[in-house]
Amino acid sequence: MKDGEIVGEFQEAVEGVLIRHRSILDCLSKFHESTSRANRAIIKTVTNCGCISINAIKQQFPEKDSLKDCSKYMDSQIKGELCDHCREVIAEEFGNHFFYLAALCSLLDYKLEDIINLEQERINTLGHFLLS
C-alpha cells in the first residue's frame with residue numbers, strides 16, 4: 001500500500017467517525033486543544049519523567065558557511081531519549097492531532113494527501129531556502 005493510499009484511507013476513516021465535532025468551530029477548537037496536549041506531553045517528558053532534558057541556548061553557526069552547510073551546526077537541544085511510556089503518550093497525542101487535521105481537511109473539502117504532496121513539492125523546489 002502506498003503512503004498516499006494510507007493517508008486517504010485515514011482521512012476517510014476520520015470522516016466516518018466524525019460526529020460530535022462536525023462543526024468547523026468545534027473541530028478548530030479540538031485541533032487547537034490537540035496541539036496544546038502534544039506540547040504538554042513533550043514538556044512532561046522533561047518536567048515529570050526526566051527521560052529527556054532540553055539545553056536551550058542560542059544556535060551558533062559561522063556566517064561564512066553556505067545556507068546548506070548551516071544545518072550541520074544546528075542542534076535539537078534535546079539530551080537523552082524518550083522512555084517507552086513517554087514515547088507512547090506523545091504518539092497518542094500526535095495521532096489525536098492528525099485526526100483533527102484530517103477532520104479539518106475533510107470539512108473544508110481538501111484531500112490531506114494533496115496537501116502533503118504540495119508541501120513536498122514546495123520543499124523539493126525551495127530546499128534550504130524554505131528556512132524551516
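**Exercise 1. At what angle do α2 and α4 pack, and how far apart are their axes?**

Let's work through it on this predicted model.

- Step 1: Two packed helices are described by the angle between their axes and the distance between the axes.
- Step 2: For α2 and α4, the angle is about 165° and the axes lie 9 Å apart.
- Step 3: Angles over 145 degrees count as roughly antiparallel, so α2 is roughly antiparallel to α4.
- Step 4: The crossing of α2 and α4 is left-handed.
- Step 5: Sorting the residues of this contact by class gives 17 nonpolar, five polar and three charged.

**Exercise 2. Describe the second largest pocket and find which element gives the most to its lining.**

- Step 1: Start with the volume of this pocket, about 160 Å³.
- Step 2: Now look at the lining, which includes Arg 37, Lys 44, Cys 49, His 85 and Glu 93.
- Step 3: Two or more lining residues come from each of α2 (24-49) and α4 (84-107).
- Step 4: α2 gives the most, with seven residues.
- Step 5: By class, the lining holds five nonpolar, three polar and four charged residues.

**Exercise 3. Check the span of helix α5 against its number of residues.**

- Step 1: Helix α5 covers residues 112-126, which is 15 residues.
- Step 2: The expected span is 1.5 Å times one less than the number of residues, so α5 should span 21 Å.
- Step 3: The end C-alpha atoms of α5 are 21 Å apart, which agrees.

Technical notes. Residues numbered from 1 in each chain as written. Predicted model: local features only at pLDDT ≥ 70, side-chain atom pairs only at ≥ 80, totals over all residues. Heavy atoms only, no water. 1 Å grid on protein atoms, 1.4 Å probe; cavity = no way out; pocket = protein on both sides within 12 Å on 5 of 7 lines; lining within 4 Å. Points joined across faces, edges and corners; volume = space filled by probe spheres on them. Helix = DSSP H or I, 4+ residues; strand = E, 2+ residues; numbered from the N terminus. Nonpolar A, V, L, I, M, F, W, Y, C, P; charged D, E, K, R; others polar. Axes fitted to C-alpha atoms, helices over the stretch in contact; angles between N-to-C directions. Parallel < 35°, antiparallel > 145°, perpendicular 65-115°, else oblique. Left-handed = near helix turned anticlockwise from the far one by under 90°.
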